[in-house]
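The entries follow in the order in which I looked things up.

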Amino acid sequence: MLVYAARRVLAAVPLLLGVATIVFVVLALAPGDPASMYLRPGMSPETLDQIRRNMGLDAPLHVQYGRWLLSFLQGDFGQSLASGIPVKDRILEVLPNTLLLAAVAILLAFVAGIFLGVMQAVRQHSPLDSVLSGTSLFFYSMPSFWLAIMMVLVFSVNAGTVWGWPVSLPPSGMVSDGYDLLGPMARVRDRLLHLVLPALTLTLVLTGGIARYVRNSMLEVIRQDYIRTARAKGLPEWQVVWKHALRNALIPVVTLLGVYFPLLLSGTVFIEYVFAWPGMGRLMVDSILLEDYPVVLAGTFLFGGMVVLGNLLADLLYGVVDPRIRRGDG
Amino acid sequence: MKQVLSCSLLTALFLMGACADDPDTRTMDGFCETALARVDSFMATVSGDGPEGVRYGGMAVVGAPAEMGGMNAFAHGDAGAVQHQLFVNLMTLVQYDEKLEPVPYLARSWELSEDESELTFHLRDDVRWHDGEPTTAHDVAFTFLTAMDPRTGFPNPAFFQHYLPGEEGVEVVDSFTVKFRFRPHSEYMDTWRAVAIMPRHLLADVPPEELARHPIGEVCPVGNGPFRFVSRRPGDRWLFEANPAFPDGLGGRPFLDRYTYRVIPEQTILLAELLTGGVDVHVAMFPNHAARAEAEPGLRVVSFPYRSFLFAGWNSRVPKLSDPRVRRALTLGVNRGQIMQGIHGERAVVVNSGIPPVHWAFDPSLGDSLPYDPDQARSLLEGAGWVDRNGDGIRQDSEGSPLRIELILNQNQERQEVAEIMRVQLREVGVDLRPRVVEFATLMGRITSRQRDFEGVLVSWEAEFRLDERDQFHSAAVDGLWAFSGTRDPILDRYLDTLPIITDRGEAIPVWRAYQSRIMEVQPYTYLYSAYRRNGVNERLREVVMDARGEWASIRGWWIAPEDRRTP
């Protein structure tokens, strides 16, 4: 399995380089100038040219590309044009933040989505099914930007001051001011409190889709003969549903995990923006606006890599949930 | 098993973050490790018990919607970064007081030679860089020479345009005396209010081409101002601590123990942070948010007239905008007072030139000179040959081309509202104004490139205290970056040549007034208004004084009573 995984990853490298190259060309052809971030009143064209030279932007495009590719193949992502900080460091400092947010949201969304989907499927056409379907659809179609602001209004602004709830959640950021002065347990609590709103918002948006998917998958499975057989054998209903039916219903759902995870890394941008969460999404958007192409290229490569890994993970998980695939007889 | 793995992964991620000592986990290069270790070492020797008094202590947080550049005066020229250089982390030779008159800061005194061509500064001898090295005249000369070196790409070379180049322009008389030589010019002190001094002992060996991206700007700033840099998480926050070695003669260490600059890009969330006490100061509030904050007990809104203004700039290289009558009609056809009232209420002033209302040269008598007058606008357009020939409400020239003007602007709620109102009002006089939102880098590229690929642009401008509009309106600078209006006017040229060398304000005022009148005739721009800055302030933070100098001008005096301090 390891050889298979390694082969898949290596095969993706040319593809990712191709994607990064296309992004390089698109950025180069886009109107605007990365040096324009330094434009100030009174600046002469000569000064701007000098800034361009200092940033390495005076070379012809193919030379810039060659330089970038050479460093890239040596594992050097270059320096951010905006800050001069090595791109690797820039990404490494925000990537864990996005991974944390995405991992928590995905975990919660899959747990909640699977549970709700199963409940809806086993009670198809019941009032509970209708209510849960409506609620899922409501959150699924809700713009995450707007939902995030509503969450802040309810759980931060009004919770403590207006409604007198015992806990008012922090509206933004990853940690409080003075975090570094806290003890270890207080730090964990502080981080948890800051994580609640962004993670919950993302979970609400994701759960609806997953629940719909699980519901449909379960409805197909519980009509199968082997489920009827399980019931005929006298197995308790919970065992029929949660052990026999769910396991098979999860096979297509696993594909979702492979698709969602890489999408989340780039798709958390609205959540990161609203909650001032310093993550990959915000870094990429800021870098695109500043035309900071070394960061954009490295980020693109990373996102592309995540898509490859996500799909690989989904394939491997197929084997976990379906032994026939693992044995190669499926 | 899967659940166990997932939980373990999440727990590991959490603990990794929670156990880190510092929120900034970036690996630092050798320069930063050494520099910050020396800062820590020096700070440990001067900290002691600190001064006593109820004002000392506490942490304050300022929240702003945008990240700031950094503490490198050779590279970072955005408003937030500059204010942190001037008032927080670095020092200038002089500061302005509330009346915008220079007062001693790093320089304890200065004198100008009789022929007004030599300016000598006598520096304080008790100012130290945060790593313990003394700040001397060599640092000042180094800052000047490096900024003057074209290889540095210093963003504000206009500050030194009248100085003699290189070594001719500066002389270190002794360790704490430095002399500059220049051609006599107006507002000569303003340069030294605006340019922060940089540490020679850390940067002298760095090639000028590499200074702009040196880690001293954003990774490990070493300043000499009232607050020392502690850490930074890009896009999130900067953390500073009081500098205990700040000279007693300048008030000693600031009252606050710590000061944090937080970046919160979404304005509604920034307001939520102010309302819930997460930030003490909310910089640059929306007008409707200011009203909400004012209604909240324990909060106040500090508003003050500022140096920025909004205008629509017209590209006179485009034939349909080359006639001053057309540009004048565009201004007369827009109800600037109504737009200003609708968005800012009383907290803005209509302007007719690039001289902001806080400036001594501002001429308030020009306020009503270009009132909303659609009839006169129509008549001017007709005089210029623009007539509605087909009855569709839009004027055409003699060849039937419609008077259609594209107005580009960047994504900004206020500007989008202004552009939309302008579109509706100008339609009434037969002008088809078409606002188009473009991304900021694209906008800057289009207006500053040699092609000048635009017709009109709606932008905001922040004027310096030392005004010089030569790069915008002088014929000799028409190919420069900022001459996007393409103005060529011999009368304006004469004023622009004269004003920078009139050193006496009394003599300069009538010339400035004549200049403003001429600008109104030429109408390179439709100047709209200068809005007050609005900042929400939690009342627990005291002695917050904000004015045209900036939001952070009084930060050394900010304090929090012991009972109001938040515990970490």
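**Entry 1: chain A, overall**

I read chain A along its sequence and got the pattern α-α-α-α-α-α-α-α-α-α-α-α-α. The count is 13 helices and zero strands. I note that this is a predicted model.

I then took the extent of the C-alpha trace of chain A, which spans about 85 × 60 × 40 Å along its principal axes. Of the 330 residues in chain A, 52% are buried.

**Entry 2: the contact of chain A and chain B**

I asked how many residues each chain brings to the contact. Chain A gives 64 residues and chain B gives 69 residues. The area buried between the two chains is about 5700 Å², and carbon and sulfur atoms give 61% of that. On the chain A side, Arg40(A), Asn54(A) and Asp177(A) lose the most area to chain B, together 12% of what that side buries.

Next I looked for polar pairs across the interface. The rule finds 10 residue pairs in polar contact between chain A and chain B. I listed the elements that give two or more residues to the side of chain A that touches chain B; among them are α2 (45–54), α4 (87–122), α7 (184–221) and α12 (293–321) of chain A. The most comes from α4(A), with eight residues. By type, the residues of this side divide into 36 nonpolar, 17 polar and 11 charged.

How many salt bridges cross the interface of chain A and chain B? The rule finds one. Asp180(A) pairs with Arg258(B), and the closest N and O atoms are 2.5 Å apart.

Over all chains the structure holds 49 salt bridges.

In the pair Arg38(B) and Glu133(B), the closest N and O atoms are 3.2 Å apart. Arg38(B) lies in helix α2 of chain B and Glu133(B) in the loop between β5 and α4 of chain B, so the pair ties together parts 95 residues apart in sequence. Arg38(B) is partly exposed at 35% relative accessible area, and Glu133(B) is partly exposed at 31%.

Glu218(B) and Arg232(B) meet in a salt bridge at 2.7 Å, N to O. Glu218(B) sits in the loop between α7 and β8 of chain B and Arg232(B) in strand β8, 14 residues apart. Are these two residues buried or exposed? Both Glu218(B) and Arg232(B) are buried.

Arg307(B) pairs with Glu462(B), the closest N and O atoms being 3.9 Å apart. Arg307(B) is in the loop between β12 and β13 of chain B and Glu462(B) in strand β17, so this pair ties together parts 155 residues apart in sequence. Arg307(B) counts as buried because its relative accessibility is 6%, under the 20% cut-off. Glu462(B), at 31%, counts as partly exposed.

**Entry 3: Gln64(A)**

I placed Gln64(A) in helix α3 (residues 61–73) of chain A. At 10% relative accessibility, Gln64(A) is buried. A polar atom of the Gln64(A) side chain lies 3.4 Å from the backbone oxygen of Leu57(A). Leaving out residues up to four places away in sequence, Gln64(A) touches Phe24(A), Gly56(A), Leu57(A), Ala59(A) and Tyr293(A).

Note on methods:
Residues numbered from 1 in each chain as written. Chains lettered and ligands numbered in written order. Predicted model: local features only at pLDDT ≥ 70, side-chain atom pairs only at ≥ 80, totals over all residues. Heavy atoms only, no water. Contact = heavy atoms within 4.5 Å. Buried area = accessible area lost by both parts, 1.4 Å probe. Salt bridge = Lys/Arg side-chain N within 4 Å of Asp/Glu carboxyl O. Polar contact = N/O pair within 3.5 Å; in protein donor to acceptor, adjacent residues only side chain to side chain. Helix = DSSP H or I, 4+ residues; strand = E, 2+ residues; numbered from the N terminus. Nonpolar A, V, L, I, M, F, W, Y, C, P; charged D, E, K, R; others polar. Buried < 20%, exposed > 50% of the residue type's maximum accessible area, 1.4 Å probe, protein only.
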